[in-house]
Amino acid sequence: MGVERFSVNGVERSFESSDTDSALDVVRDQIGLTGAKRVCEAGACGACTVLVDGAPAASCLMPSDTLGGRRVVTVEGLGGGDRLHPVQRAFLAQDAVQCGYCTPGFVLAGVAFFEDWRAEHGTGVPPESEIRAALSGQLCRCGCYLRILDAVREACAGRYDDGDDAVAHRHETLEKVTGRAEYTTDVRYPSQLEGVLVTSPYANAVVREMDDGAAAGLPGVRAVVRLLPEGGRIRHAGQEIVAVAADTAAAAREAAAAVKIRYDHSPAATSMDAAMAEGAPLVYGPKDRKSAPSAGEVPVLFPRRRWRGNVCSPAPPLAGRAARADRAVRRAFEEGTGAGQEAAPRAEGAGQGGAVVDGVWRTAGQSHVPLEAHACVASWDGDSLTVHLSTQAVSLVAHAVARRWHLKSDQVRVLADHVGGAFGAKQGLTAEAVAAIELSRASGRPVRVVLDQRAELAVGGHRPASRTHLALRTGADGGLTALRVEAFADTGTALGSDIAKVAGLLYPGAPRTLRDHSVVSHRPPGKPFRAPSGPPAFWALEQAVDEAAHRQGRDPLELRRAWDTEPVRRRLYDWVATATPWPERGPVAAGGGPVRRGLGLAAAAWYYYLQPRTKVRARVDTEGVEISVATQEIGTGCRSLLVSVFADGLGLAPGEVRARIGDSRLTPGPLAAGSSTTASLVPAAHDTLDRLRRRLLATATRELGLRAAAVALDGIRHAGGTVTWREALRLAAPTEVTGRRPRDRGRRPEPWYSPFFGRGQGAPSIVQVTEVEVDERFGLVRVVRTWCGLAVGRAVRPVLATTQCHGAVIQSIGQTLYEERLTDPATGLTLHTSLENYPIPGIGDVPEITVDFVPGGFDHVAQQAVGLAELAALATPASIGNAVFHATGRRMRSLPLDPAQLLGEAE
Amino acid sequence: MTHRPTRLARAARLGGPYRAGGTELTRLRRLGLAEGEPVDLRELAPLRGIERTADGLRIGAMVTLRELAGHPEVRTHYPALAQGALAVANPQVRSLATVGGNVLQQTRCAYFTHPDTDCLRKGGTDCPARDGHHAEAAVFDVRSCVAPHSSTLATILACFGALAQVTGRGTLSLDELLHQETTGGVPRPVPHTLAPGELLTAFMLPAPRPGERSAYLRVSRRALADWPLVEVAVRCAGAARVECVRVVAGAVAPRPWRLRAVEEAVLAGPATPDALRRGAALATTGAHALPGTRYKLRQLEAAVLAALERCWPASQEVPAPAR
């Protein structure tokens with residue numbers, strides 16, 4: 001340790017250096033500049049980037065004792081005074097921010113490029129390839145790359161040099177581009193402790209004995225808590241056993257290493273095949289199956305299910321419509337070529353009776369890996385508990401905490417001001433929160449627990465891998481006569497999969513048998529991931545349909561038009577014919593040479609979920625209007641949706657409307673799940689707006705003695721003129737109204753798993769056309785361009801909605817081309833340790849993406865506000881698969897499309 | 001406490017662990033695999049800078065990848081080296097990481113990097129990747145650890161015939177620097193052969209011959225900032241006829257792997273597309289792919305051909321890898 005001096009953001013200051021700390025430890029923890037984020041700690045993600053003597057540097061890999069005398073700039077030090085740097089302004093104006101956790105790194109890398117570019121080229125427009133290369137060390141899990149490219153290019157070109165009038169598309173962008181946004185990982189109380197988890201290296205074991213006495217006695221250690229009792233069962237490697245809190249993270253890690261645990265370990269089922277094998281070790285006995293968590297969007301609701309070993313299946317229907325459909329499907333396939341249960345892919349003519357397309361389709365597991373890991377800061381104050389949590393469900397978690405620790409609801413407060421990505425992985429009360437709460441209770445001090453990235457990749461959440469047997473039967477006229485889908489999901493220790501069911505969403509009419517199995521194994525539980533079960537379903541179905549079209553010699557678009565009667569999607573098929581290059585598509589495998597282009601088409605549909613009990617509160621005070629609701633912003637822009645409803649509706653500037661969310665004590669609001677946030681919040685906000693306007697009308701009429709007063713667009717019209725909304729607000733302050741989400745017209749939403757979560761009428765749909773380039777020499781696929789047509793009623797904020805679609809497509813490109821969760825077969829360990837060896841798409845992998853919202857439909861929903869976050873993640877894989885077939889004449893059946901498969905050399 | 005020697009002799013006496021840019025040592029220390037107080041090398045003048053010498057170019061071990069990729073002398077006379085340096089990692093790592101650190105780095109194999117696994121490089125008795133996941137493994141000389149050497153620069157420096165200057169050992173070839181066999185003839189699973197106290201100070205590159213060209217080709221799944229699955233460096237001279245050629249492949253063996261069969265097949269012959277293709281077809285001579293790495297043989301052959309074609313372009317443009 002030594003005291004050294006360096007310059008930070010133009011200020012000379014001293015810091016404590018050591019040979020063990022990194023520059024990030026100094027900048028972030030010692031000095032408190034939390035714009036620099038700790039994510040991969042391997043130099044791969046760029047979230048910790050700072051400028052050192054003008055050049056971007058990975059502060060997580062830079063030793064702290066090399067900082068002396070250097071000139072460091074962090075995101076907090078950009079711009080001058082209260083003026084933003086042009087790159088920051090460009091990020092505001094181009095909507096180049098989603099969850100915002102990667103934003104400081106991107107902004108700094110962008111600034112470094114900007115300064116170099118300006119020095120050499122003035123305000124010339126930089127080529128895109130140079131911007132991509134300069135930003136290649138920054139990863140964004142939300143997939144905001146195209147907006148970021150635009151922002152950096154436009155800033156370099158001089159568009160944002162002057163003025164501070166750039167309009168942010170999002171309410172919180174300013175905080176995010178300046179590093180001021182406080183995420184859970186940034187929360188710091190005085191006297192706060194750091195908590196670390198001790199996890200199991202074994203996949204199948206019983207904890208025989210624990211000795212944590214030595215750990216508890218180490219200097220700086222304040223609490224040791226057992227999360228599993230002696231005799232407790234380990235079902236996957238990485239399962240949490242003990243938690244330790246100490247004054248510093250280093251002391252806590254040392255204490256964790258000193259906890260001695262003796263295990264009785266047994267052979268484990270570490271893959272789906274191993275778990276299904278004869279005599280495989282059982283993950284659950286008959287008594288403890290109920291303890292399995294859900295891997296789906298909703299709790300597991302198998303009315304009748306049957307276990308065989310590690311496989312949980314629905315019981316076959318005995319009677320009724322499903323049983324009749326089963327029989328019809330069986331008959332249809334028996335009439336064919338006898339295509340039975342065999343696994344080999346086949347697609348044969350079946351004489352004059354049409355054809356059977358039958359095959360097995362696989363997808364690999366995909367990790368959520370949001371850049372902000374699962375993180376919690378818990379603080380007890382007597383019997384009251386404050387929990388800062390990186391979560392997509394402040395209300396739900398507050399209920400769960402109250403139940404578990406036997407507290408009244410007003411004794412618990414869950415806070416999430418900003419959330420650095422979630423994608424489905426942060427819905428419940430998970431181990432980091434339990435550990436932080438218990439450690440805080442035991443120590444009497446606030447405790448922070450943040451998963452390191454290895455833990456995040458192991459247990460933070462993943463989309464289960466899958467194997468889907470899909471057969472479709474066509475009749476003599478080429479129509480669809482039967483569909484059979486049997487899907488096995490590789491759910492780890494969790495349960496729940498709807499792949500087959502989702503595959504049944506398209507092409508209504510033909511009889512179908514849809515069976516979903518969960519295969520449990522000794523691996524971390526799968527979790528709902530953006531459109532759970534969706535991508536594997538359409539990966540199989542939409543390639544099979546493409547195959548059927550190819551067999552019939554028909555245009556795949558025409559075949560879908562013939563098979564699909566849903567009016568919403570028929571509009572999308574028309575869109576394909578007019579807005580994409582599909583009509584100019586040539587024959588299959590027409591190009592010569594090693595690098596071939598292809599065009600693929602896929603359709604998909606999703607559910608319309610809503611949270612009918614959503615309320616929104618508006619409070620009017622002297623400073624303007626404050627909107628509040630207990631929801632949370634995970635990168636979707638929900639604060640901005642709320643603000644825009646009131647700013648537009650009352651003729652106010654966005655700055656005059658404040659949105660308060662991320663607090664479980666506020667008016668009950670939606671969790672971020674099932675793409676239901678927009679569909680829940682926007683109608684509720686409009687109801688609140690209507691109530692508020694009526695309140696303003698009443699007050700103004702009374703106070704001003706208006707005659708014949710009525711609500712109009714620009715204010716209150718009356719016999720003597722118009723009272724503006726701003727004026728009416730002043731008259732009414734202080735006041736408060738609460739609106740609720742109105743019911744949809746027509747049939748009521750079907751309550752899904754609780755009164756809080758329902759499924760409405762109608763199927764949001766997408767049709768996507770993708771162009772790929774396949775390099776047959778190296779087995780590589782590049783997505784060149786993609787066109788997405790979405791039918792979601794009305795896109796409430798088209799710019800934000802487009803940004804979100806980009807993200808869904810880019811995450812799906814990751815799933816299609818790169819991402820594959822690897823588990824060591826011998827030990828059951830998740831092999832990935834950071835974003836250095838778990839490959840998500842970077843800025844170089846992103847195609848041009850066109851997003852069109854094809855209006856119409858959903859007239860029964862107030863404001864026609866329907867979500868799209870999951871929908872946009874469904875069609876990319878199959879559209880790429882079909883494009884690869886078009887380019888090469890070869891059908892790929894497994895995700896991701898790795899070089900081994902493309903070169904025909906897969907194991 | 002970090003040591004900051006100012007003289008080579010003192011640095012050698014301290015014995016390590018040596019720290020250049022710190023990116024590699026930081027990783028190894030977090031894994032608990034580099035004990036002792038770091039010996040920082042940045043005060044050592046002989047390790048710095050790039051300079052022209054009587055017979056070529058001297059590149060100090062402490063030169064960062066950012067400096068290397070941008071150096072005019074390197075870009076003009078050793079273009080493959082500049083291209084390769086620019087392909088390594090990403091800008092914020094390249095501004096810290098050094099030439100010496102890159103060449104001497106440990107494997108990135110996931111089994112090595114995971115703290116709960118044992119492997120040959122961590123004192124274990126076998127290689128878990130062999131029967132586990134090994135899609136990124138080597139295809140040549142996989143008798144012990146199956147991981148390939150991770151250094152792109154080592155591959156390219158070997159192609160240029162660079163010599164390493166090491167205190168106490170004089171000048172070493174890349175092979176001598178990185179490869180050592182046990183008594184049984186099996187390669188030792190180590191990233192390099194330097195003993196404690198032996199310090200890599202610089203690489204000496206011979207001056208380019210008249211008309212010399214070079215090419216570097218990297219095959220990776222993601223377009224930017226990704227590890228290579230296969231990489232090939234070619235250095236050659238001659239227009240219609242192949243006057244001299246050296247072909248070295250990376251990410252396919254425990255050390256830079258010279259493809260002598262390819263060199264011999266094309267040397268002194270005509271540089272026609274057919275001849276180059278026949279030469280490239282020998283790229284996998286002596287390879288032994290594991291079940292998960294057979295695809296690399298195809299990639300290697302194609303990459304060698306593409307790199308040769310870059311040196312001797314036929315009438316039409318050679319497409320870059322579609323990444």
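Modeller: Happy to. Asp898(A) sits in the loop that links α22 (876–888) to α23 of chain A. Keep in mind that this is a predicted model.

Colleague: Leaving aside neighbours within four places in sequence, which residues is Asp898(A) in contact with?

Modeller: Contact here means heavy atoms within 4.5 Å. By that cut-off, Asp898(A) touches Gly779(A), Glu820(A) and, on the other chain, Arg221(B), once neighbours within four places are set aside. Glu820(A) is 78 residues away along the chain, with 9.6 Å between its C-alpha atom and that of Asp898(A).

Colleague: How many residues of each chain are in contact across the interface?

Modeller: Chain A brings 63 residues and chain B brings 56. Together the two chains bury about 4,800 Å², and carbon and sulfur atoms account for 55% of it.

Colleague: And how many salt bridges does the rule find there?

Modeller: It finds 8 between chain A and chain B. One of the salt bridges joins the side chains of Arg19(B) and Asp65(A), at 2.5 Å from N to O.

Colleague: Which elements give two or more residues to the side of chain A that touches chain B?

Modeller: They are β4 (55–58), α4 (128–134), β36 (765–775), β37 (780–791), α21 (798–818) and α23 (899–902) of chain A. The largest share, 4 residues, is from β4(A). By residue class, that side of chain A has 32 nonpolar, 14 polar and 17 charged residues.

Definitions and conventions: Residues are numbered from 1 along each chain as its sequence is written. Chains are lettered from A and ligands numbered from 1 in the order in which they are written. This is a predicted model: local features need pLDDT of at least 70, side-chain atom pairs count only at pLDDT 80 or more; totals for chains, interfaces and linings use all residues. Side-chain values use heavy atoms; hydrogens and water are left out. Buried area is the accessible area (1.4 Å probe) that two parts lose on being put together, summed over both. A salt bridge is a side-chain nitrogen of Lys or Arg within 4 Å of a carboxyl oxygen of Asp or Glu. Ala, Val, Leu, Ile, Met, Phe, Trp, Tyr, Cys and Pro count as nonpolar, Asp, Glu, Lys and Arg as charged, and the others, Gly among them, as polar.
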